[in-house]
Amino acid sequence: MTRALVNAPQTARRGEIIEIRAMIAHPMETGYREGPNGVVIPRHIIKRFVCTYDDAEIFSAELFPAISANPFLTFSTVATVSGSIKFAWTDDRDHTETLSVQITVT
Amino acid sequence: MRDNNLHLRVTPQSRLIGRRELLAASAAGVIAFAVPMRALARPALDQAISNFAGGAEVRDGRVQLEIPPLVENGNAVGVTVSVDSPMTATDHVRRIALLNEKNPQADVAVFHLGPRAGRARVATRIRLAASQVVVAIAETSDGRFWSSKASVIVTLAACIEDISKS
């Protein structure tokens, strides 16, 4: 089940700065809301996002309840070598969703 | 506990009135409305800033915080933070924090960057529970902290919109 979506260029020139956009379908329930019965809806958020390129971490983020549902992140990296760019989202129930895209660097 | 969430427990009818009042209030430039009680109990923005900076001095400048000054829907507010930095191995941005003044929690997000980012620019979408000040702080590789503030008027706060969905 793919719940994540990543937008990154498939090819790039060496040394070029590429923009990466990553989004995942997630409710990001804050834990501050009450349901119709007056009971607080338990918190359920993505708390950590990591992006690795060529097996090195290039970007990571700690997210809090103030991030909108379906967290969307835009960041950039320098194209160095051909290979895979990997993405991992971890929520507060320790469930991790991963995705990987290939990039060809010329 | 229940009293803290008065702003969340509204009937559909009173919610309509609430929205109208919000619009009127924002039109009149009145901001003091619908501030959750719980928000008052949380650590202040200044406290959150010094926690992130570890007590170091935070200067103005080098950080550009792009956020719309007036937003209709507090549930998804686009934010872009860019830092004036060459992003080399010796001079780069290590961390960028987004903090807010009046949500139940001061933290919004912390981004970790490095020289491989190429450019110190991140964007995301955040929730705002009330009209308030949003702060972006960047830590550079020399251990200094830079910040930028923006004040945002929210006509439809995140909490009010949420209850209409449930």
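**Figure 1. Overall composition of chain A.** Chain A contains zero helices and eight strands, and its elements follow the order β-β-β-β-β-β-β-β along the sequence. The C-alpha trace of chain A extends over about 60 × 20 × 20 Å along its principal axes. Of the 106 residues in this chain, 29% are counted as buried. For pairs at least 6 apart in sequence, 57% of the contacts in chain A connect residues at least 24 apart.

**Figure 2. Overall composition of chain B.** Chain B has 166 residues, of which 38% are buried. Among the contacts of chain B with a separation of 6 or more, 72% are made by residues 24 or more positions apart.

**Figure 3. Confidence of the prediction.** The complex receives from the predictor an ipTM of 0.93 and a pTM of 0.80. For chain B the average pLDDT is 79, and 70% of the residues reach at least 70. Residues 27–39 of chain B have a pLDDT below 50, although the model places 24 contacts between this stretch and residues beyond near neighbours in sequence. Residues 161–166 of chain B likewise remain under 50, and the model shows ten contacts for them beyond four places in sequence. Where pLDDT is low, predicted coordinates should not be read in detail.

**Figure 4. The contact between chain A and chain B.** Chain A contributes 25 residues to the contact and chain B contributes 30 residues. On the side of chain A that touches chain B, strand 5 (56–63) and strand 6 (72–78) each provide at least two residues. Strand 6 of chain A gives the largest share of that side, with seven residues. By residue class, the side of chain A that touches chain B comprises 16 nonpolar, six polar and three charged residues.

**Figure 5. Strand pairing across the two chains.** Strand 6 of chain A pairs with strand 7 (residues 121–126) of chain B in the antiparallel sense, over two bridges. A:Leu73 has B:Thr124 as its bridge partner in strand 7 of chain B, and A:Thr74 has B:Ala123 as its bridge partner in that strand.

Figure 6. Six strands are arranged in the order 1(A)-3(A)-6(A)-7(B)-4(B)-2(B), with antiparallel pairing. Strand 1 (4–7) of chain A and strand 2 (63–66) of chain B stand at the edges; each has a single partner strand, so one side of each lacks a neighbour in the sheet. From one strand to the next, the twist averages 15°.

**Figure 7. The nonpolar core around B:Ile96.** The largest nonpolar core comprises 60 residues, and B:Ile96 and B:Leu98 are those with the most contacts inside it. Beyond neighbours within four places in sequence, B:Ile96 contacts B:Val81, B:Val83, B:Phe111, B:Leu113, B:Val122, B:Ala136 and B:Ala138.

**Figure 8. The surroundings of B:Val58.** B:Val58 belongs to strand 1 (residues 58–60) of chain B. This residue is classed as partly exposed because 18 C-beta neighbours lie inside 10 Å, whereas a buried residue requires 20 or more. The C-alpha atoms of B:Val58 and B:Trp146 are separated by 5.5 Å, although the two residues are 88 residues apart along the chain.

**Figure 9. Two loop residues of chain A with positive phi.** Most residues other than glycine have a negative phi. A:Asn70, which is not a glycine, has a positive phi of about 55°. A:Asn70 is located in the loop between strand 5 and strand 6 of chain A, and its 16 C-beta neighbours inside 10 Å make A:Asn70 partly exposed. A:Asp94, also not a glycine, has a positive phi of about 60°. A:Asp94 lies in the loop that links strand 7 (83–91) to strand 8 (96–105) of chain A. With 7 C-beta neighbours inside 10 Å, A:Asp94 counts as exposed, the limit for that class being 12 or fewer.

Conventions
Residues are numbered from 1 along each chain as its sequence is written. Chains are lettered from A and ligands numbered from 1 in the order in which they are written. This is a predicted model: local features need pLDDT of at least 70, side-chain atom pairs count only at pLDDT 80 or more; totals for chains, interfaces and linings use all residues. Two residues are in contact if their C-beta atoms, placed from the backbone, lie within 7 Å. Helices (H or I, at least four residues) and strands (E, at least two) are DSSP runs, numbered from the N terminus. pLDDT is the predictor's confidence in each residue, from 0 to 100. Ala, Val, Leu, Ile, Met, Phe, Trp, Tyr, Cys and Pro count as nonpolar, Asp, Glu, Lys and Arg as charged, and the others, Gly among them, as polar. Two strands pair if DSSP finds at least two bridges between them. A nonpolar core is a set of buried Ala, Val, Leu, Ile, Met, Phe, Trp, Tyr and Cys residues joined through C-beta atoms within 7 Å. Axes are lines fitted to C-alpha atoms, for helices over the stretch in contact, and angles run from 0 to 180 degrees between N-to-C directions.
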